Amino acid sequence: MPTLMPTPGATGATGWSTRDIPDQSGRVAVVTGANSGIGLVTARELARGGARVILACRSETRGRAAEALIREEVPGARVEFGRLDLADLSSVRGFAAAYPAERLDLLINNAGVMALPYGTTADGFETQFGVNHLGHFVLTGLLLPRLLDTPEARVVSVSSGLHAVANIDIRDLNSERRYRRWVAYGRSKSANLLFIHELARRLATAGSDIVAAAAQPGYAATNLQTAGVRLEGRRTAERIVTLANRIIAQPAEAGALPTLYAATAPGVRPDSFTGPRIQGWRGPPAPSFRASWTLEDRAGKLLWAESERLTGVRYASLPT
């Protein structure tokens with residue numbers, strides 16, 4: 001079972017903390033990848049604020065364990081597990097069809113994979129692009145009617161400072177020509193930011209008050225860094241990454257602050273990008289560096305059109 005730091009509100013530096021989260025009573029949140037790391041902390045703090053939180057996780061065992069842990073940490077927490085495998089669009093559709101609430105105030109697109117060996121999703125998409133972007137694209141589209149019916153709802157996608165490694169290649173979204181794991185990861189994280197950019201534009205055109213924003217955690221100690229090397233059986237590399245997480249990285253509690261800020265702080269602007277204050281690495285939330293290509297309207301529209309074509313999901317309620 002995962003463990004959580006016992007001190008809520010700590011930031012490691014002066015600035016916005018979980019103590020500044022407004023009352024979330026009456027609100028409903030979905031957090032993908034809520035069974036560990038930043039997603040677990042995000043779900044816990046939203047529940048601490050009074051929200052009903054749906055833990056959207058691939059593994060029922062780990063999701064139920066996270067549910068029990070949050071209830072232990074936050075007596076009276078309203079949390080519930082919902083099975084969601086972003087690597088299988090039939091699972092995404094099933095989750096959306098079974099969504100248990102009338103409203104949806106916060107959709108936190110947090111789950112992701114990083115620098116994995118080449119692989120494909122159940123639908124044949126390169127894994128990093130399929131999970132990090134397409135799965136969340138479909139989830140947001142299917143849940144959009146609930147978001148539109150909820151006043152002042154927000155969509156927050158978790159990107160990374162490593163989006164700056166690579167722009168998307170609209171001609172090779174699935175890395176079929178050449179696969180380089182870190183380039184593919186950077187492209188998927190740039191896709192997250194382009195998605196938020198285009199979603200914010202379409203929402204504004206529709207006159208919606210939904211805020212679509214992005215966040216990045218800096219270097220936070222989670223199991224994201226070790227998953228790829230563990231899959232390949234690279235034990236020395238896994239030990240090095242684990243050691244770096246212990247010595248250099250900030251804890252998941254601090255890494256979750258930009259996401260929580262984007263989700264709950266007053267005055268968050270559409271299409272904003274929040275990260276750690278200190279060189280995008282660590283510290284309390286602040287505006288984050290963002291590569292210029294993630295703000296290009298043409299690229300956002302092209303990625304959106306290709307995402308619709310690949311998945312068959314169209315945001316019919318939003319004008320183009």
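## Tyr118 and the aromatic pairs

At 46% relative accessibility, Y118 counts as partly exposed, because that class covers values between 20% and 50%. The model that holds this residue is a predicted one.

Eight aromatic pairs are counted in the model. In one of them, the ring centres of Y118 and Y179 are 5.1 Å apart and the planes stand at 75 degrees, so this pair is edge-to-face. Y118 sits in the loop between β4 (106-109) and α4 (127-148), while Y179 sits in the loop between β5 (154-158) and α5 (181-206), so the pair ties together parts 61 residues apart in sequence. Elsewhere, one aromatic cluster is formed by F137, F195, W304 and Y315.

## The chain as a whole

The secondary structure of the chain consists of 10 helices and eight strands. The chain has 320 residues, and 58% of them count as buried.

Contacts can also be sorted by separation along the sequence. Among the contacts in the chain with a separation of 6 or more, 76% are between residues 24 or more positions apart.

## Helix α4 and its two partners

Two packed helices are described by the angle between their axes and the distance between the axes. For helix α3 (residues 89-97) and α4, the angle is about 25 degrees and the axes are 9 Å apart. That angle makes α3 roughly parallel to α4, and the crossing of the two is right-handed. On the α3 side the contact is made by L89, V92, R93, F95 and A96, and on the α4 side by L134, G135, V138, L139, L142 and L143. Sorted by class, this contact of α3 with α4 has nine nonpolar residues, one polar and one charged.

How are α4 and helix α10 (residues 297-311) packed, in angle and in distance between axes? Their angle is about 85 degrees and their axes are 10 Å apart. This makes α4 roughly perpendicular to α10. From α4, the residues in contact are F129, H133, L134, F137 and V138; from α10, they are L303, W304, S307, E308, L310 and T311. By class, seven residues of this contact of α4 with α10 are nonpolar, three are polar and one is charged.

## Helices α1 and α2

The axes of α1 and helix α2 (residues 60-73) cross at roughly 45 degrees and come within 10 Å. The two helices are therefore oblique to each other. α1 passes α2 in a right-handed crossing.

The α1 residues in this contact are L40, A43, R44, A47 and R48, and those of α2 are A66, L69, I70 and E73. The contact of α1 with α2 has six nonpolar residues, three charged ones and no polar ones.

## Two residues with positive phi

Most residues other than glycine have a negative phi. A115 has a positive value, near 55 degrees. A115 lies in the loop between β4 and α4, and is buried, with a relative accessible area of 8%.

S175 also has a positive phi, near 50 degrees. S175 is placed in the loop between β5 and α5. Is S175 buried or exposed? S175 is buried, because its relative accessible area is 6% and the limit for that class is 20%.

A51 is found in the loop between α1 (37-48) and β2 (52-57). A51 is buried, with a relative accessible area of 1%. Not counting residues up to four places away in sequence, A51 touches Q24, S25, R27, L46 and R78. A51 and A77 are 26 residues apart in sequence, and their C-alpha atoms are 8.1 Å apart in space.

G26 belongs to the segment before β1 (28-32). G26 is exposed, with a relative accessible area of 51%. Leaving aside neighbours within four places in sequence, G26 is in contact with G50, R103 and D105. The C-alpha atoms of G26 and G50 are separated by 7.2 Å, and the two residues are 24 residues apart along the chain.

Conventions. Residues numbered from 1 in each chain as written. Predicted model: local features only at pLDDT ≥ 70, side-chain atom pairs only at ≥ 80, totals over all residues. Heavy atoms only, no water. Phe/Tyr/Trp six-rings, centres within 6.5 Å; stacked < 30°, edge-to-face > 60°. Helix = DSSP H or I, 4+ residues; strand = E, 2+ residues; numbered from the N terminus. Buried < 20%, exposed > 50% of the residue type's maximum accessible area, 1.4 Å probe, protein only. Axes fitted to C-alpha atoms, helices over the stretch in contact; angles between N-to-C directions. Parallel < 35°, antiparallel > 145°, perpendicular 65-115°, else oblique. Left-handed = near helix turned anticlockwise from the far one by under 90°. Contact = heavy atoms within 4.5 Å. Nonpolar A, V, L, I, M, F, W, Y, C, P; charged D, E, K, R; others polar.
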